[in-house]
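User: I would like to go through some of the labels used for this model and check each value against its cut-off.

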Amino acid sequence: MYLVQTYREYFRKTKQDLYKSKKLEMPGPELYVIYTGNRKTRPEEISLKEEFFDGKDICIDVKVKMVYDGRDGDIINQYVVFTKVCNEQVEVYGRTRKAIQEAVRICKDKNVLKEYLESREQEVVDMMMELYDEQEILKSYVESEKYDVAKETARRFLKMGKLSVEEIAAGSGLSIETVLELQKEQLQMV
């Protein structure tokens, strides 16, 4: 998404018309990920194909250059420190506004991104809260999908009629009460 925006801005600045049949001139993309987690290996580059599809031939592969800690005090290093402080505060306060506000306060006190955080504190807090909201939405979606799959599995077991409610609950990960409700639904359908 951001790559497309970057190219659109480039075409606008270079006054290239996207709607003509003339081939566009564009620089080759370079993609970077600033990795802030803990990882045993630190490859210089990762590939979508290799990392997520076991090297299988896929229609598009993206290779990104990995950036880890930066040099002491440079902007990358400060960003990494900021994310680590945020993670520490989330462990204390959960994914809350308080956690982000504390992280911002701590970083300003440590002179980490201080000038930026002083001039855009509310924007940073709002942006981080938006990220947390997106993560919670995704987590909720995944849990909902898992629950739906478990219910469908239980329904199939119930149709087979060879397992007890307790066995179905254990096998599907659902509670006995939920399996009994599903059983009741199936009986009403008959």
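User: Which element gives the most to the lining of the largest pocket?

Analyst: Helix α5 does, with eight residues. The other element giving two or more residues is α3 (75-93), while α5 spans 114-160. Helices here are DSSP runs (H or I, at least four residues), numbered from the N terminus. This is a predicted model, where local features need pLDDT of at least 70, side-chain atom pairs count only at pLDDT 80 or more, and totals for chains, interfaces and linings use all residues. Residues are numbered from 1 along each chain as its sequence is written, and side-chain values use heavy atoms, with hydrogens and water left out.

User: What makes a residue part of the lining, and which ones lie nearest the centre of the largest pocket?

Analyst: A lining residue has an atom within 4 Å of a pocket point; a pocket is an open set of points on a 1 Å grid over the protein atoms alone, where a 1.4 Å probe fits, with protein on both sides within 12 Å along at least five of seven lines. There are 17 lining residues, and Tyr79, Phe82, Thr83, Met128 and Leu131 lie nearest the centre.

User: Why is threonine 83 called buried?

Analyst: Its relative accessibility is 12%. Buried means under 20% relative accessible area, exposed over 50%, and partly exposed in between (1.4 Å probe, protein chains only), so threonine 83 counts as buried. Threonine 83 sits in helix α3.

User: How do you know that cysteine 86 is in no disulfide?

Analyst: A disulfide is a pair of cysteine sulfur atoms within 2.5 Å. The nearest cysteine sulfur to that of cysteine 86 belongs to cysteine 107 and is 6.3 Å away, and cysteine 86 is in no disulfide. The count for the structure is zero disulfides. Cysteine 86 is buried, because its relative accessible area is 2%, whereas cysteine 59 is exposed at 85%.

User: Why is the contact between aspartate 126 and arginine 97 called a salt bridge?

Analyst: The N to O distance is 3.4 Å, and the rule asks for a side-chain nitrogen of Lys or Arg within 4 Å of a carboxyl oxygen of Asp or Glu, so the pair qualifies. Aspartate 126 is in helix α5 and arginine 97 in helix α4 (residues 97-109), 29 residues apart.

User: With which residues does arginine 155 form salt bridges?

Analyst: Its partners include glutamate 152, at 3.5 Å, and glutamate 185, at 3.7 Å. Glutamate 185 lies in helix α7 (residues 176-189), 30 residues from arginine 155. Glutamate 152 and arginine 155 both lie in helix α5, three residues apart.
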